[in-house]
Amino acid sequence: MSMLKYFFEKTEEDNSVLFKELNIYEHKDIMKKQGKNPVIYISFKDLKDKNFNKCYEKIKDILSEQYDKFNYVLEKLSEVDKIYYKDILLKKASQAQYEAGIKNLSKFLYNLV
């Protein structure tokens, strides 16, 4: 999964060097897509707890971190969407808002591209 992240993610550093020894590097048409998109990368591997409430809080933290990573989106949102975005960012959102959190962050990022 991290390889996909490094391929597609738009970053300040050039990740194309990671692919120089791989067959994909020879395909210039595919390599044009490298490093061009925002990537929502979430891992739940450290989310290990028998207590549901603790897990839920950790998920809220994970979503908040992702929203913080893309906080430049805020300036392009409507006032209503800004409130929603900040609720997730500040961990004040409702359960329903968290359930739609990844979908909505994807929508916000898509609308910027």
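**Exercises on rings and the nonpolar core**

In this predicted model, K28 lies over the face of Y25, at 4.5 Å from the ring centre.

**Exercise 1.** Find the residue that lies over the face of Y41, and give its distance from the ring centre.

Solution. Beginning at the ring of Y41, we find K5 over its face, and the distance from the ring centre is 5.6 Å.

**Exercise 2.** Classify the aromatic pair formed by Y84 and F108, and decide whether each residue is buried or exposed.

Solution. A search of the whole structure finds eight aromatic pairs. One of them joins F70 and Y72, whose ring centres are 6.2 Å apart and whose planes stand at 75°, so this pair is edge-to-face. For Y84 and F108 the centres are 6.2 Å apart and the planes are at 70°, which is over the 60 degrees required, and therefore this pair is edge-to-face. The pair links distant parts of the chain, since Y84 belongs to helix α4 and F108 to helix α6, 24 residues apart. Turning to accessibility, Y84 has a relative value of 11% and counts as buried, while F108, at 3%, counts as buried. Ring pairs also link Y84 and F108 with Y67 and Y85 into a cluster.

**Exercise 3.** Describe the largest nonpolar core, and name the element that gives it the largest share.

Solution. This core has 17 residues, of which Y67, V73, Y85, I88 and F108 touch the most other members. Two or more residues come from each of α3 (52–69), α4 (79–89) and α6 (101–112), and the largest share, four residues, is that of α4. As for I88, its contacts beyond neighbours within four places in sequence are L63, S64, Y67, A93, Q97 and Y98.

Conventions. Residues numbered from 1 in each chain as written. Predicted model: local features only at pLDDT ≥ 70, side-chain atom pairs only at ≥ 80, totals over all residues. Heavy atoms only, no water. Core = buried A, V, L, I, M, F, W, Y, C linked by side-chain atoms within 4.5 Å. Buried < 20%, exposed > 50% of the residue type's maximum accessible area, 1.4 Å probe, protein only. Contact = heavy atoms within 4.5 Å. Phe/Tyr/Trp six-rings, centres within 6.5 Å; stacked < 30°, edge-to-face > 60°. Lys NZ or Arg CZ within 6 Å of the ring centre and 35° of its normal.
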